Amino acid sequence: KIGQLDPVSGVITEFPVPETGTAAIHSAVPAPDGTVWLTEQGSNKLGKWDPKTQKITEYQDDWGKHTLRIDANGQVWSTGGLSRFDPKYGTFTHIADVPNAYGIALDKDGNTWFAELRKDGRIGKVDAKTLQVTKYQPPTATGFPRRIQVDSEGTVWFAEFQGGKIGQFDPKTERFKEFQLPGEKPTPYALGIDADQKVWYSSEWMDVIGRLDP
């Protein structure tokens with residue numbers, strides 16, 4: 001199910017997906033038109049909640065579904081294997097050069113950035129117009145890039161989960177910079193960027209949140 005919270009009354013309304021097995025919903029993201037898109041990690045489906053009917057329509061794929069983002073054209077991007085879904089035609093486009101991705105983010109030009117959570121994982125970009133993939137190897141080659149964000153200036157930030165670092169990448173110069181985090185096992189996971197361009201992170205194993213001032 002996905003849930004809708006009324007912040008005034010505190011009432012939560014739940015909407016079940018049609019999937020009768022384990023849907024394992026991982027992401028739920030609202031779109032500008034009022035719909036809510038969700039990923040069903042347990043069944044490799046995308047779901048779309050309609051605010052008018054309050055029903056969820058599912059779209060089956062044979063690639064995994066993990067984290068999603070919606071671009072300015074209403075295309076739905078999701079990780080697992082990186083794919084793009086066109087709601088108008090109901091079709092998936094698989095990005096063959098990215099069969100395994102975890103984090104995902106969109107920049108101001110509509111390009112899709114991703115992180116590969118694996119020993120030799122890289123970060124990369126899918127060009128919004130051509131769908132050409134470019135990958136970049138961080139200095140810490142075994143950092144296991146996990147979540148990724150793009151700030152308002154276009155700088156790319158990513159969590160190096162096993163490396164215990166936050167990575168910074170400048171797409172203009174194609175240069176990396178890494179910031180070692182404190183603690184015995186920092187394991188940065190989720191990332192957020194505030195209005196002052198400071199980077200917030202959650203540490204899974206240390207059970208703390210931290211802030212990086214670049």
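1. Over how many bridges do strand S17 and S18 pair? Strand S17 (residues 165–170) and S18 are paired over six bridges, in the antiparallel sense. Strands here are DSSP runs (E, at least two residues), numbered from the N terminus, and two strands pair if DSSP finds at least two bridges between them. In this pair, Lys165 stands opposite Gln180 in S18.

2. A word on the source: this is a predicted model, where local features need pLDDT of at least 70 and side-chain atom pairs count only at pLDDT 80 or more, while totals for chains, interfaces and linings use all residues. Residues are numbered from 1 along each chain as its sequence is written, and side-chain values use heavy atoms, leaving out hydrogens and water.

3. S17 and S18 belong to an open sheet of four strands, ordered S15-S16-S17-S18 with antiparallel pairing. Strand S15 (145–150) and strand S18 (175–180) are at the edges with a single partner strand each, so one side of each has no neighbour in the sheet.

4. Another open sheet has four strands in the order S11-S12-S13-S14, also paired antiparallel. Its edge strands are S11 (104–106) and S14 (133–136), each pairing on one side only. Strand S13 (residues 123–126) pairs with S14 over four bridges, and Lys125 stands opposite Thr134 in S14.

5. Do look at Asp61, in the loop between strand S6 (56–60) and strand S7 (65–70). Asp61 is buried, at 8% relative accessible area (buried means under 20%, with a 1.4 Å probe and protein chains only).

Key: Buried < 20%, exposed > 50% of the residue type's maximum accessible area, 1.4 Å probe, protein only.
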